[in-house]
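Here are a few notes to read with the model open beside you. Take them one at a time and find each residue as you go.

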Amino acid sequence: MKKVLVIVVSALTVLGCARLVPWLAQDPGPGYQLVVWDYRQPLPGSEYLYAEYLAHVIEDFTRDNPSIKVTFKLLNWLDARDELERELSVGTPPDVFGTVLADRLFDVTLQVPAGRPEAMTAYWPAAVSALTRDGVVWGYPRWLSWELWAVNRRMLGSEHAVRLAVWQREGWNWTDLEAAVGRRTAGVDLTTPAFWQSAVAAAGGSPRSLQETPDQLMALAGTVARLVQAGILPRDPQAAAGIRIERFFQGQTPVLGPVNAYLARYLENRIDSRSGRPDPAPAAQDVVWLPFPSPTSDPFVPWQVSAYYVFRRQGPDADGRAAAAARLAAYLARRMGRWGAEHLGVVPAYRDDLVFWALESGLTLDLRVAMTRNLDRTLGPLLLSDEADFWEQAYLQALVPMLVKALPRALPADLGARLRTELEKVVARP
């Protein structure tokens, strides 16, 4: 029954795509040899589990579609995007590419649309919106990876420990963080674009188009500067970034953030395996997960969407081959989304798998409810590859270095003006 359901879902998804690209409605012909590229999973032991499960899923697909043969290749995280772009430049991309972070539209001529948003209601709106540009969805979402904050409840005063469930359900803000940390310093990494992008989004801004919502970044920078200078956030962000995880393990900081799904699994595995913990180092039951601090009253959870892209390869019967690749991508997205839920705790992009995630994630009901409320958010639009590269470099080379250098000394009011000037320089670059 489960296999039949997956096949039906895949067929419906491809039919939705066919409304946009008519030749995708055709039945794939015989003799297709499809190539799938995907990322290796970085957690110890997970690469083998992922490869084994992917091979099993592909075997199921080819059993149901005997005219289609499939091979797959797992790529290193650092090399995958460059390798794909090289193959795109000569017109020989893989038929299906599984991307961990679906942040860009690689090639409008070779990349095959998945359909219109209204035809992809089986997926969470947040996942579909992240893959949408100008009313077209450019991939098949498999899961949504989150960022949360870890709190060691043993290090909180009783008046704050009792509020943890409220913060999970209703969200918390920077003032709550300051009160919870007290005279200690939170283990927060201010040196990565991910922190600033998520914090801008939590404040209602557009992290990948800052010229549209600069005020949120200005206000955020002032708040962070105040907390840095008060010692609530690290006064030396560069030095603190490298030791924050160990400080959390040793009970030297009550808060660790932001924590993505991969780091969360690492933390859980390491804490579970420890013995003879010094007090107040956390035991497994002491770690409480919270949403991202937000100035609003609603809990905010940053999402990163993982998806399968389909590319059209030139050659005989290219249309039929693309139709077969689309069918495969929709099938993989559903099945591999469940693998992510079971092994990483990420949220499957397919709506009907939410109960499966709830049973496998290990997160509390209050937090799951808060996270689910975020699944209807709009994340897009999907950026063109050049646009994504621009903002990636803007954060890495200009905005974040300036902020990290200025935070310990600049007056919050002055920092906003300096940041606005730097942002204007970035946006004005050709």
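1. First, a term: two residues are in contact when they have heavy atoms within 4.5 Å of each other. Now look at W289, which touches L148, W149, A150, Q168, V259, A264, L267, E268, L363 and L367, leaving out residues up to four places away in sequence.

2. A quick word on the source: this is a predicted model, where local features need pLDDT of at least 70, side-chain atom pairs count only at pLDDT 80 or more, and totals for chains, interfaces and linings use all residues. Residues are numbered from 1 along each chain as its sequence is written, and side-chain values use heavy atoms, with hydrogens and water left out.

3. W289 sits in strand β11, where it points one way along with V287, while V288 and L290 point the other way. Buried or exposed? All four are buried, meaning under 20% relative accessible area with a 1.4 Å probe, protein chains only. Strands here are DSSP runs of E, at least two residues long, numbered from the N terminus.

4. Which strand partners β11? β8 (residues 140-152) does, running antiparallel to β11 and joined to it by 4 bridges; pairing takes at least two DSSP bridges. N152 is the residue opposite V287.

5. W289 also turns up in the largest nonpolar core, which has 90 residues, as one of those with the most contacts inside it, alongside F97, Y140, L144 and W303. Such a core is a set of buried Ala, Val, Leu, Ile, Met, Phe, Trp, Tyr and Cys residues joined through side-chain atoms within 4.5 Å. A second, separate core of 52 residues includes V200, I232, V255 and F292.

Note on methods: Buried < 20%, exposed > 50% of the residue type's maximum accessible area, 1.4 Å probe, protein only.
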